[in-house]
Amino acid sequence: MKRKIDPATMHPRYQITEVIHSIYTRGMTTTSGGNVSITDDCGNVWITPSAIDKGSLTPDDIVCVKPDGSVIGKHKPSSELPFHKAIYKIRPDIKAVIHAHPSGLVSFSIVHQIPETAISGLMAAVCRRIAYAEYGLPGSEELSVKIASKFSEGAMSVIMENHGIVLGGANMVDAYQRFEALEFCARAIINAHIIGKPNFLSSIQLQQHNDGHTPEIPESEMPDDTTAIETLRHEMCNIVHRGCRQGLFFGAMGTVSLRLDDDDFLITPENAARWNLLPVDMVRVKDGCCARGLQPDSSAWLHREIFFKNPDTRVIINAQPPNLMAFAVTHRQLDVRTIPESWIFLRDVPSLPFGSQLYPASEIVDVLSDKIPALLVQNDSFIVTGKKLIQAFDRLEVAEFSAQSLIMAESIGKLIPIGNGQIEDLRRTFT
Ligand SMILES: [Zn+2]
């Protein structure tokens, strides 16, 4: 079973339009701000046009700048073309560049700081090296020299002083995953500062994360999908895309698994962009083996253990949304005794130490149960279970909304939780 379309092989016009549409609809650029480009094997640079509405861009609007400087297209290329070209010249490994002014990263840019991405091992691995470039006039040669010099030193992203972010990738999918991860990392750090002090992973912990490899999952031939399994693949895909739209999943982050039978489940793939996953991308893991030629998420072993321990659990989701991550990074308790619905859906949410997500630790498996459907892993993620896809997804949404309310409340007063007696009433009524 193979993917029918590889997004990295689509024509640059379509890749750029898709990405700029995602950036705009997810509130990470304005109508006029930002520009995106791809360079092809002939040295052409395909780039967004200057002064055209980002909310209604079509593939036809994308401009091609030839190596000799001639321009093909019905518009002028972006005014920031000089730094796109300078990056491609100095870094032949970079084939796609994104520049935008998303609010989280602009916050870092205007206080002249670089976000520390070691809020989790995965975030640090995706974001890679970030540098800082001093201010330069937009569109100027001076600005492109300042930016290109940082890329020449090995940076994959550059915070532009009092301006925004520019980053590169081996292709547009790689660049966009890095862009989303960096912006969500920035938002998580800002949120963490509102409620406490962020804890960043040490180099030893990052090494533990990188070395904490999962057990080898052998490949095997899988039985053909029944119509029911095909339907479940579509449902999983829909929920993953919905999670992206809701800001719960981004880049290659966010894992969903769905049990088919006792030791048989579907799980999202490792290191694949979530927003364009197809039903065929969901990896079947049956009797400890995975479908041939596909790579299941690296936490597949953990999901399998959770399914073993909890026969009624059918769905598991891990995610790193920016409000829940603030609690995971500050190690603050997520108190969901905020409104009745939050406590009813989530119950008390334990917080486990970093490392409990690494193979072969079993604390997560020991803690999750019918009575404890959700937990936080410090400097890693939020994990939630359910009997149905929509139930687990709703719990994730409720948790992220609750975390956001707690963060927003911080500036106006102290949380006054629902009292113990009222919680006992809820427990009696809704158990
Ligand atoms: Zn700009």
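A residue counts as buried if 20 or more other C-beta atoms lie within 10 Å of its own. The exercises below use this cut-off on a predicted model.

**Exercise 1.** Which residues of strand β14 point one way, which point the other way, and are they buried or exposed?

*Solution.* Start with the general rule: side chains in a regular strand alternate between the two faces of the sheet. Next, sort the residues of β14: Val315, Ile317 and Ala319 point one way, while Ile316 and Asn318 point the other way. Then apply the cut-off: all of them are buried. With 5 of the 5 residues buried, β14 (residues 315-319) is therefore largely enclosed by the rest of the structure.

**Exercise 2.** Find which strands pair with β14, and in what sense.

*Solution.* Take strand β10 (residues 255-261): 4 bridges connect it to β14, in the antiparallel sense. Within this pair, Ile316 of β14 has Ser257 opposite. Now take strand β17 (residues 381-386): it is joined to β14 by 5 bridges and also runs antiparallel to it. Here Phe382 of β17 is opposite Ala319.

**Exercise 3.** Which strands stand at the edges of the open sheet of 8 strands?

*Solution.* Write down the order, β4-β3-β2-β1-β5-β8-β7-β6, with mixed pairing. β4 (71-72) and β6 (130-133) are at the edges; each has a single partner strand, so one side of each lacks a neighbour in the sheet.

**Exercise 4.** How many bridges join β1 to β5, and which helix packs on the sheet?

*Solution.* β1 (residues 35-39) and β5 (residues 96-100) are antiparallel, with 4 bridges. In one of them, Ser37 has Val97 of β5 as its partner. Helix α2 (residues 81-90) packs on the sheet and touches several strands, including β1 and β5. The direction of α2 makes about 145° with that of β2.

How values were computed. Residues numbered from 1 in each chain as written. Predicted model: local features only at pLDDT ≥ 70, side-chain atom pairs only at ≥ 80, totals over all residues. Buried ≥ 20, exposed ≤ 12 C-beta atoms within 10 Å, placed from the backbone. Helix = DSSP H or I, 4+ residues; strand = E, 2+ residues; numbered from the N terminus. Pairing = 2+ DSSP bridges. Contact = placed C-beta atoms within 7 Å. Axes fitted to C-alpha atoms, helices over the stretch in contact; angles between N-to-C directions.
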